[in-house]
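Let's take a friendly walk through a protein model together. Please keep the structure in view as you read.

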Amino acid sequence: MSGLSLLRMSVRLRTIVIIGSTAAALSVASALPSDASWAPKPEPKFWREVRQQMSVQETSAPSDWRFLEAMQSPKIDAAEYLRDPFRRDQTVSFQALLLMRKGQSSPWGMRQLSMRAQCLKGVLERQDQEGRWSVYPGRKGTASKVNWICALAPNP
């Protein structure tokens with residue numbers, strides 16, 4: 001074999017090894033859940049005080065809510081909570097609580113929703129008054145939050 005032939009064979013083998021290694025790494029990475037380590041931060045004091053104040057006003061709102069996340073801006077303040085996760089197959093149903101006000105001069109509002117996490121699809125859904133389910137507007141990181149919610153109620 002000539003030196004040129006050996007060089008070509010060496011380049012081909014390296015290409016095969018590199019492509020194979022890259023494909024193996026990608027298949028392992030795609031099998032891992034995205035942001036598997038996501039978990040809500042502890043409930044900030046501000047939101048705990050708002051929730052407690054609203055719970056006093058709304059006698060139907062129990063205090064066993066688990067904080068998920070919150071957002072604050074000049075236009076809107078909102079926090080999301082959940083409780084009572086229950087698994088059925090690849091779906092975890094739960095009660096959701098939304099605390100919200102539009103602008104700092106507006107009064108606080110509280111809404112309870114029946115929701116579910118579709119574990120395999122990575123989406124959240126809410127139930128309307130007639131019992132129909134519709135997709136809850138997703139945001140960046142929704143699939144990671146769904147993974148976390150699904151882990152709250154593991155398969156029996």
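Over how many bridges do strand 2 and strand 3 pair? They pair over 10 bridges, in the antiparallel sense. Two strands count as paired if DSSP finds at least two bridges between them. Strands (E, at least two residues) and helices (H or I, at least four residues) are DSSP runs, numbered from the N terminus.

First, some ground rules. This is a predicted model, in which local features need pLDDT of at least 70 and side-chain atom pairs count only at pLDDT 80 or more, while totals for chains, interfaces and linings use all residues. Residues are numbered from 1 along each chain as its sequence is written, and side-chain values use heavy atoms, with hydrogens and water left out.

The strands build an open sheet of 6 strands in the order 1-2-3-4-5-6, with antiparallel pairing. From one strand to the next, the twist averages 30 degrees. Angles run from 0 to 180 degrees between N-to-C directions, and axes are lines fitted to C-alpha atoms, for helices over the stretch in contact.

| Strand pair | Bridges | Residue pair |
|---|---|---|
| Strand 1 and strand 2 | 6 bridges | Arg66 and Leu82 |
| Strand 2 and strand 3 | 10 bridges | Asp77 and Arg101 |
| Strand 3 and strand 4 | 10 bridges | Ser93 and Arg116 |
| Strand 4 and strand 5 | 4 bridges | Ala117 and Leu124 |

Now look at the turns. Strand 1 and strand 2 form a hairpin with 4 residues between them. The hairpin of strand 4 and strand 5 also has 4 residues between its strands, and there Gly122 takes a positive phi near 75 degrees.

**The helix and the disulfide**

Which strands does helix 3 touch as it packs on the sheet? Helix 3 touches strand 1, strand 2, strand 3, strand 4 and strand 5 (123–127), where contact means heavy atoms within 4.5 Å. The direction of helix 3 makes about 45 degrees with that of strand 2.

A disulfide is a covalent bond between the sulfur atoms of two cysteines. Here the rule is a pair of cysteine sulfur atoms within 2.5 Å, and the count comes to 1 disulfide. The partners are Cys119 and Cys150, with their sulfur atoms 2.0 Å apart. The link of Cys119 and Cys150 is left-handed, with -100 degrees about the S-S bond. Cys119 lies in the loop between strand 4 and strand 5 and Cys150 in helix 3, so the pair ties together parts that are 31 residues apart in sequence.

**The empty spaces**

Rolling a probe the size of a water molecule over the atoms shows where empty space is left. On a 1 Å grid over the protein atoms alone, a cavity is a set of points where a 1.4 Å probe fits but cannot get out; a pocket is an open set with protein on both sides within 12 Å along at least five of seven lines; and lining residues have an atom within 4 Å of a point. Grid points are joined across faces, edges and corners, and a volume is the space filled by probe spheres set on the points.

The largest pocket has a volume of about 260 Å³. It is lined by 15 residues, and the closest to its centre are Met71, Ala78, Glu80, Tyr136 and Arg139. Strand 1 (66–72), strand 2 (77–88) and strand 3 (91–101) each give two or more residues to the lining of this pocket.

The structure holds 1 cavity of 30 Å³ or more. The largest cavity has a volume of about 190 Å³. Among its 18 lining residues, Leu68, Glu80, Leu124, Tyr136 and Arg139 are the closest to its centre. Strand 3 supplies the largest share of the cavity lining, 4 residues.
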